[in-house]
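Please find below a short note on the model under review. The points are numbered so that each may be checked against the structure.

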Amino acid sequence: MQQGRKVSRRMTSSDPVLTANLITGRTIEQGVAIEGWKDKQEYIDAAGFVHIDPSDFKTLNVWPGSSVLVKSEYGEVVVRAIKSPYGPHPGIVFIPMGPWANQVVNPDTTTTGMPSFKGIMVTITPAPGKKVLGAIELIKMTTQGGVEV
Amino acid sequence: MRTATDVVCPFCGTLCDDIEVDVDDAEKICATRNACIIGDNKFMTAQAPDRHLHPRIRRGGELVESTMDEAINKAAEILVNAKHPLLYGWSSTHCEAQEAGMALAEGVGGTMDNTSVCCHGPSVLAIHTVGISSCTLGEIINRADIVLYWGCNPVNAHPRHMSRYSLYKRGFFTERGKSDRTEIVIDVRRTETAQKADIFLQPEQGRDYELMNALRVAFRGGPLPESVAGIPRAEIEKVAQMLKDGRFGILFFGMGLTMTRGKHRNIDIAISLTADLNTYTKFLIMAMRGHYNVAGADQVSLWECGFPYAVDFARGFPRYNPGESSATDILARKEADAALIIAADPGAHFPIDMVRTLASIPMIAIDPHVTPTTEIASVHIPSAIVGIEDAGSAYRMDNVPIRMRKVVEPPEGVLTDQEIIERIHRRVMELQGLEVPEVTAVKEPAEALAPSAFDDILQRAT
Amino acid sequence: MSEILVKNGYVYDPKNGVNGDVMDIAIRDDKIVDAVSPTAKVIDASGKVVMAGGIDIHAHIAGPKVNVGRNMRPEDKLFNTSKRGKMTRSGGGFSVPSVFETGYVYSRMGYTQANEAAMPPLLARHTHEEMADTPLIDQSAYTLLGNNWLVMEYIKRGEKDKLNAFVAWMLHATKGYCVKLVNPGGSEAWGWGMNCVNISDPVPYFDVMPSEIISGLAEANEALNLPTSIHLHANNLGHPGNYQTTLDSIKLLEGVLPRDGKIRDQVINFAHMQFHSYGGTTWKDFETEAQPIADSINKNKNMTVDVGFVTLDETTTMTADGPMEYYLHNTNHLKWANADIELETAAGVVPYIYSPKISVCGIQWAIGLELALLIDDPMQAFITTDHPNAGPFRRYPRIISWLMSNQARLDRLETLHKVVPDRVAIGGISRVFDFYDIAKMTRAGPARALGLGDMKGHLGVGADADVAIYNYNPKTMDPTTDPAGIEKTFKNTAYTIKGGDIVVIDGEVVSKGNKRTIWVDATNGSMDPAVLDDIEKKFVRFYSVTMNNYPVQDEYVARGLVVKPEVA
Ligand code: SF4
Ligand SMILES: [Zn+2]
């Protein structure tokens, strides 16, 4: 596998597209939601979003709270776009650790055991009408879903 | 109603041990005091009416309820039939269960790994290289006047850390609490932790190593370029001087360093920077461990086999090579042909590529709650919640061991992690044709001869 | 009921004055008895050496800093892992072995008890978890009190009764066995990056001197009539010229007698005296001062030492002497770990290579041997390596071979750095020890010093059935010319019996054993409420855990043996 610092794939010029550096991490809401709420809406609310710097929101041209598609070399996921309260951090976007973020992070551990959960090049485009999936639905849809023995 | 006091919160590495929990006459937890919102939620959701209480086995594409014996038997079969089983998780359970897990991993020739692999595994690798100069959190309470948070966000990840130990708490030589301390935060975002800091540096993402190197140069008065990692030279020199001038400094670091490019090298240089500072003052460093007992998982593994995590027992003796023997890499290379996941949720927290492997092999999930991992398992065995329904040891982020308390009984029929692992192991031994030792009480009572022992000695001496 | 008869061995049992006589040892259940029935299992020990089980009075084998050592040194396992067996778990580590390995190696050497020499109170639970997990051998742990804030405050204020009560509370809370002092005052000073080099250097802020801490705790120890004396890791460890500090420390307790002379003779055990017998002013003119230290011990029958022999291996140093480890790190520039413990103590870990090619290491090697050979009574000097500080405990057989053969020593001396012979006295000391002496230094001596002399370390009726049988015929073989044979002999017993259970046969572990954790309850069932108040204040304001979560719960000493001192 290759390192994550790659130029994003090209988009047609009419698509609003934001190229950004993705980091993932904990939030207090995510911490609450992972104890007993992973099959519920609370978890989606807590971790199924991306924090985008207010200045980058202009590029994207969507309303805060609307769905966007985050794509990386390693996968893609639909999450809600939210204005980051922790800016300014232009060029950096943040998705809480969890199944949504893990659709697009770089699995390469560079032989350390640790996947690259921070510093992944992504593109973000509006995804009007697309729904943010629940955690379990998302995992079931993007894997084989378990085996029987 | 009764109130349990000195309860230990089984959520994050802060391992608060001052929680009070009210339990009503129906043995329902009805309120907590002192816990943060995360801790409170853990206690309050423990007895949720929709909690899954029965083992489930995948049949016809669905997880359907089974008896405990069926689930234990199926789990044992999965492990015995596997060539290279992976036993992963272990961080949200107590050391007694981890010890049982070590024995099981050795018994089935599997790989034993805990969540260090995706939190502070790189920190451990750095410790192998350069050691680590650290302390217990009470030292910070009583002495620290320089508190540096680098790539960590305690307000969100360890909510009571700052009030209990590191910033606001008044200590012996820090009787004015926060006003006796300088708070420095280095992060790529102005997080809630950073917003209150006396000094905030916002380096470019992925450039922490360079910034630390620059600080080390600045300590020695060496030449620096105009700016490093986006931070102006003057700023770097100012912070370097502050670190040197403190009486007692501490560097807390988190996954902002371990997950970022450079990984263990970032920690290596953070530790070296700390060691440097001891030429001028007292300066120590501490990893902000995430799960409440991930530190314990490392400790147990260390004292039982000499290595902290990612240990492969396939050849009958411990082999350790993170990057090769780590759960993440084993799954990425699709090497594991079965897995037992306990007290962690890689389904939610591993990159999807690795989760795909997990979902394609026979997998046992042991977890009190429904999670992305349990829902792609072949067998799910719900367990009692350690620290609420089961007692045992846990190690705080500074490796202080605290005994988790049992506040209420687990729901009927729900076994503890330790019982589940031990029952699986006994069944494994049966399947392997080994002699299964008699069941002994987990905790034996103190020896009866104890009280008179010394009188005894005295008598015989005369 | 199980019975064993160990027949016709050459028995070495100093406590009972048995010096190589051919005797039978009878065992019923876990005790040594007068005689057993004809159905007893017979072990033929003819042509073999029989001793009580060995006792290690000072080793770092369980607990937080040991685990730091394991963590810091994966390379220590590189050529030293072992497979799981029918009775054994896998594990590894040369200088810092895993707990299973620790139990197996000791048992194979004929040891049945090993004591953890430094338990930080706040982390006592960790030490107990490791000990409970260590198979086959009995263990106890020494509670670190020499840098404790309340101890220093009580001493400063002269509140002796309160100090006594507090010491008893701490031993109970930590399930500890002994009052251990490591660099008294110095490790607290290390909280600020400082040290107390001499015993008259005042501790920053607390304003007591190490000498007062030593005397104060020794007095408390006797007031409580604890089974063993205080154990002191003296100030200024490992520095050229430090023998002067050591002599000063010895003077503090000259003439002081133990409260109950029937149990033990000493009021202080000096830990790893080798590290404290250094002459010269720098590493350049470094030389031995074992002679004045040994003279002083010979004069003071109320003191004992464990030697801390340097074995000339690559090892891992670990101690509660935080400033010393930082100093060592700055000397050898190898990786450094440090762990300061709030209100109580400190710790450091640094790898160390005792290279035979380096003059200092060779001199250190000689100093340990000189000390042992210059102290007249082997009941005052015990075999230890301060494991793993001066070398790993698995080297005890080699140390014994040096002590039993002058030739072995001279041969080794010849291979060392060329300046070594001029800086040491070992070349001129021809004394050799026999099996009787070795039994004193590894069995009778440590047992008596620990206040366990009637239960452990001998083979008289009523003793614990801890027995080691070695394949060595003292009538036909000569240890003075056969160091390799001696080393081989003491490495693997023919049989090790622990608590009446045969745990090793021909160097192979055959049982899961019946280990116990020994600790002291000197509280006499009550506590001065004023002292409890003082303790509580410390917890409310300065500790990071609550007072209720501090004491080690009974679950951790489920296989415990409590010693309750009698207070007049
Ligand atoms: S800070 Fe952590 S341990 Fe403390 S109450 Fe909150 S979640 Fe629990
Ligand atoms: Zn020691």
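Which residue of β18(C) stands opposite B:Ser133?

1. The residue is C:Asn338, which faces B:Ser133 from strand β18(C). Strand β8 of chain B (residues 133–135) and β18(C) run parallel and are joined by three bridges; two strands are said to pair if DSSP finds at least two bridges between them. Helices (H or I, at least four residues) and strands (E, at least two) are DSSP runs, numbered from the N terminus.

2. Concerning conventions, this is a predicted model, in which local features need pLDDT of at least 70 and side-chain atom pairs count only at pLDDT 80 or more, while totals for chains, interfaces and linings use all residues. Residues are numbered from 1 along each chain as its sequence is written, chains are lettered from A and ligands numbered from 1 in the order in which they are written, and side-chain values use heavy atoms, with hydrogens and water left out.

3. Two pairs of chains touch, and the pair B and C has the most contacts, a contact being heavy atoms within 4.5 Å. Chains A and C make no contact; their closest C-alpha atoms lie 15 Å apart.

4. Of the area that chain C buries against chain B, 10% is supplied by C:Asn71, C:Glu129 and C:Trp192, more than any other three residues.

5. Five salt bridges cross the interface of chain C and chain B (a side-chain nitrogen of Lys or Arg within 4 Å of a carboxyl oxygen of Asp or Glu). One salt bridge links the side chains of B:Lys282 and C:Asp340, at 2.7 Å from N to O.

6. Chain A has four helices and six strands, in the order β-α-α-β-α-β-β-β-β-α from the N terminus. Its radius of gyration, 15 Å, is close to the 15 Å of the globule rule for 149 residues, so chain A is as compact as a globular protein of that length. The radius is taken over C-alpha atoms, and the rule is 2.2 Å times the number of residues to the power 0.38.

Note on methods. Buried area = accessible area lost by both parts, 1.4 Å probe.
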